[in-house]
Amino acid sequence: MFTIIVFFLLFSYAEKPDEVQLNSNIDLPSSSSQSDYENTIKVFLSPDTLKIEDQTVANIRQGKIMDFDPNNPRNSRLYKTLEKIRKDRLELQEKMNLQETDTQKGGAGLVSSVNKNKPQVLFFCDKSVPFKVINSVMKTIGMVGYPNMQFAVTGE
């Protein structure tokens, strides 16, 4: 029972929108629209670096992602890192589902909202990054299995 509560609290905390520390080299576009995000992976694309959460996965020079073949993105560090995160989250989710099922059989009836939200990517992209780079990153993110992406913006 204690393990279930720990997993429930971890997912509840992980799904909660939080403050994001931006690097000074990312200048986000502004927008008047507003939408909440949940259960996200944060991808940061600046004019010189591509990061997933706090991990640098590629450098960008002269508008080109280094060590990235657009014809074979599955060999890139971006793809492999996102794939590992996806697998880890799916394994954790399956464990929670099994424990939830066991708990429901026992009559406790703990209901989790983990399956209700599909994972998505919150994309922090500097407005000076060329479209070709943004497009390559977005295609790769989609190939890994994250078709739901949101662009981070600043308020007007």
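This is a predicted model: local features need pLDDT of at least 70, side-chain atom pairs count only at pLDDT 80 or more; totals for chains, interfaces and linings use all residues.
What does the accessible surface of the protein chain come to, and what share of it belongs to carbon and sulfur atoms?

1. The accessible surface of the protein chain is about 10100 Å², and carbon and sulfur atoms hold 50% of this area.

2. Residues are numbered from 1 along each chain as its sequence is written, and side-chain values use heavy atoms, with hydrogens and water left out.

3. Three helices and eight strands make up the secondary structure of the protein chain, in the order α-β-β-β-β-β-α-β-α-β-β along the sequence. Helices (H or I, at least four residues) and strands (E, at least two) are DSSP runs, numbered from the N terminus.

4. Among contacts in the protein chain with a separation of 6 or more, 66% join residues 24 or more positions apart. Contact means heavy atoms within 4.5 Å.

5. Of the 156 residues in the protein chain, 34% are buried. Buried denotes under 20% relative accessible area, exposed over 50%, and partly exposed in between (1.4 Å probe, protein chains only).

6. S31 belongs to strand β1 and is buried, its relative accessible area being 18%. Apart from neighbours within four places in sequence, S31 contacts V153, T154, G155 and E156.

7. Q34 is located in the loop between β1 (30-31) and β2 (40-45). Q34 is exposed, at 74% relative accessible area. The C-alpha atoms of Q34 and V153 are 8.7 Å apart, although 119 residues separate the two along the chain.

Note on methods
Accessible areas come from the Shrake-Rupley method with a 1.4 Å probe; for residues, only the protein chains shown count as cover.
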